[in-house]
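I opened this entry to record what I looked up, contact by contact. The structure goes in first, and my notes come after.

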There are 2 protein chains.
Amino acid sequence: MTRPQTSAERTLAALRELIMGGDLAPGARLGEVELADRLGVSRTPVREALSRLAAEGLVEVVPNRGARVATWTVAELEGVFDLRSVLEPQLTAHAVPRARPADVEELDALARRMHEVGAPGPDQDLDALVPLNRAFHDRLVALAAHPALAAALAAAIHPPIVRRNFLTYDEASLRRSLAHHSEIVAALRAGDPAWARAVMTSHIANARAVMVRAARLQMTATAIRQEETA
Amino acid sequence: MTRPQTSAERTLAALRELIMGGDLAPGARLGEVELADRLGVSRTPVREALSRLAAEGLVEVVPNRGARVATWTVAELEGVFDLRSVLEPQLTAHAVPRARPADVEELDALARRMHEVGAPGPDQDLDALVPLNRAFHDRLVALAAHPALAAALAAAIHPPIVRRNFLTYDEASLRRSLAHHSEIVAALRAGDPAWARAVMTSHIANARAVMVRAARLQMTATAIRQEETA
DNA sequence: CCTCGTCGGATTGCATGCAAAGTAGGGGTT
DNA sequence: AACCCCTACTTTGCATGCAATCCGACGAGG
């Protein structure tokens, strides 16, 4: 992992983490001076980072009125999963013939680690699952070696809730999700693209069900809160 | 078409046009002061524009070494068309039930206009085809009303050659391309998503053949030029 | 003759200052 | 009492200045 050299890139990464991690809620105002102070840089790199995040769709900028964390509707979220259900299985199939034994072992290690920290019990640590999951999927993207597909996927996924957390998974869905990772490793080991593609399709469908449900709950919650304040 | 209010957005649009239009060749160096002088602004909006174009993949930035227009290999170009051949037909099918009669008429007008300026003869104007083609496809994207799909497509297509020009079309391919537009209009009018999807699939396949051939020629040309100078 | 180190010019990265757009609040008028 | 306008404050947008980095060239040493 190469650490970004420039202040602007560090700012970009920091902001992305703040948004993806949920420290900045959707719709939250992003004042330039406030962020600059918080991150210990001047407004210039902050502006650059905000601009790039806007290009990625993570924040929304209105001229002369500043930036806010992007919001999204349930319909948009479902659209994202429509796309993922096409692109990620395709990408996974692409990765199969390119995976070397060392790559498979690495993915296997990640999948096993996820089983450990995700297993119900006193040692369960759902927060630890997030980086492992990202590492797993990012590794697959890299293996596929298909820049255009990777770019399209990145553009589609950026709405942040998608990657955010596993706290919303019920136990059965979580168990399925973890099993899928292991099964993808098995398909890679067997060199069977169709198998890998099928598992990834299930994986996305499972995630879709969880996320859409969570989004619906969150939306009704905020709607109620707005009614109360009004 | 709303004109951008801020200097940075105008700069962004201007640079995009310079690159997409081919005035700045792939690999060309993009000095900040040079561009600032050329566009009559200071370096700040230029930096912001370059940063965003980098996020889009149109330019490549190396820290402390400046920006260049992005380059791409034939393999990457083929990857882009792989994606388009999945995404655009899907998007077109999506657009069918949402197209209102007025929308269909608008697309029909664009298709007819393309036939006029694209027909062989003294009035042929291939340059005029470019904006019409963009308008046609952008209209379809808007009709589909699928933000995630649009974002993914935009991310995938950005390698500029894809949209650049029709100068490389041989006569038969050009005739096919124009006919496809009309046939898409017909499918929309008939309300037949499967038909529209099929035509768009052919349309992309046709474009792919032309573009890959052109890219191969261009690559060998530059290779030869490099040999000569070496 | 080739390699390595150093110096000068050019360019980027970032901070800061100033002007313009926007927002909120109070006072006056109808 | 409701509405509008005007003023003061906040925030963004852009230009500019300075320090740090990088590239090329020249010269010394092997």
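The notes below take the DNA surface and then the contact between the protein chains.

I note at the outset that I am working from a predicted model.

I began with DNA strand D and listed the 19 residues around it, of which Arg47(A), Ser7(B), Ser42(B), Thr44(B) and Arg65(B) come nearest. Sorting that surface by class, I found 8 polar, 6 charged and 5 nonpolar residues. I then looked up which elements each supply at least two of its residues, and these are β1 (29-30) and α3 (43-56) of chain A with α1 (7-20) and α3 (43-56) of chain B; the largest share, 3 residues, comes from α3(B).

Which part of DNA strand D faces the protein within 4 Å, sugar or phosphate, or bases? I read that 73% of those atoms belong to sugar or phosphate, with the rest in bases.

On the chain B side, Ser51(B), Arg52(B) and Leu83(B) supply 22% of the area buried against chain A, more than any other three residues.

I found 2 salt bridges across this interface, one of them between Arg47(B) and Glu48(A), whose closest N and O atoms are 3.5 Å apart.

How values were computed:
Residues numbered from 1 in each chain as written. Chains lettered and ligands numbered in written order. Predicted model: local features only at pLDDT ≥ 70, side-chain atom pairs only at ≥ 80, totals over all residues. Heavy atoms only, no water. Near = heavy atom within 4 Å. Helix = DSSP H or I, 4+ residues; strand = E, 2+ residues; numbered from the N terminus. Nonpolar A, V, L, I, M, F, W, Y, C, P; charged D, E, K, R; others polar. Buried area = accessible area lost by both parts, 1.4 Å probe. Salt bridge = Lys/Arg side-chain N within 4 Å of Asp/Glu carboxyl O.
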